[in-house]
Amino acid sequence: MTAIYHDYSIGHPWYFLLGGPVPRPSAIRAQVIEAKLTGYRRDELAQFDCMAEPQRSAAHRKASEEVKAELRKDISRYRQCVVELHRYRETQDGSEKPRCAADVHTNLSLKVSHMINGFAHLYQLDGMEQQTDLFDLL
């Protein structure tokens, strides 16, 4: 990922502790696509190509729905964490050098990591060929 702030990547709590900018989910998605990242389910998702139809399409559809549902939850929680971070930053004295990350920094970095995996899974699923449904041809 290209989101680096003071030598810390966006998935590290110190990225946010040191004042790193908060990216929009669309920017995180764009970075995942640009870097062609794969998530922790890459091997499981790659097995779909070895399946026969209609099991292949069913597994693809089920995984896609699961990933999208989880990603919706992650993005919703991410937005809450961003609000918490903004409130936290307003209360902090900027002249003090930070020594350790607070829960708000850890929570946000974890949500970013979850979103990276979710977007990577969607990117992988979108890259797989899907069988054309006969009703789509009508």
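Biologist: Why is aspartate 49 called partly exposed?

Modeller: Its relative accessible area is 48%. Buried means under 20%, exposed means over 50%, and partly exposed is what lies in between (1.4 Å probe, protein chains only). So with 48%, aspartate 49 lands in the partly exposed class. Keep in mind that this is a predicted model: local features need pLDDT of at least 70, side-chain atom pairs count only at pLDDT 80 or more, and totals for chains, interfaces and linings use all residues. Residues are numbered from 1 along each chain as its sequence is written, and side-chain values use heavy atoms, with hydrogens and water left out.

Biologist: What makes aspartate 49 and arginine 56 a salt bridge?

Modeller: The rule asks for a side-chain nitrogen of Lys or Arg within 4 Å of a carboxyl oxygen of Asp or Glu. Here the closest N and O atoms are 3.1 Å apart, so the pair passes.

Biologist: And arginine 56, is that buried or exposed?

Modeller: Buried: its relative accessible area is 9%, so it falls under the cut-off for that class.

Biologist: How many salt bridges does the rule give?

Modeller: The count comes to 8. One of them joins glutamate 66 to arginine 41, with the closest N and O atoms 3.3 Å apart. That pair links distant parts of the chain, 25 residues apart: glutamate 66 sits in helix α4, and arginine 41 in the loop between α2 (25-35) and α3 (42-46). Helices here are DSSP runs (H or I, at least four residues), numbered from the N terminus.

Biologist: Why do glutamate 66 and arginine 41 get their accessibility labels?

Modeller: Glutamate 66 has 35% relative accessibility, so it counts as partly exposed. Arginine 41 has 12%, so it is buried.

Biologist: What about glutamate 84 and arginine 77, how do you know they pair up?

Modeller: Their closest N and O atoms are 3.4 Å apart, so they meet the salt-bridge rule too. Glutamate 84, at 32%, counts as partly exposed, and arginine 77, at 28%, is also partly exposed. Elsewhere, salt bridges that share partners join Arg41, Glu44, Lys62 and Glu66 into one network.

Biologist: Which classes of residue make up the lining of the largest pocket?

Modeller: The lining has 6 nonpolar, 4 polar and 5 charged residues. Asp, Glu, Lys and Arg count as charged; Ala, Val, Leu, Ile, Met, Phe, Trp, Tyr, Cys and Pro as nonpolar; and the others, Gly among them, as polar.

How values were computed
Helices (H or I, at least four residues) and strands (E, at least two) are DSSP runs, numbered from the N terminus.
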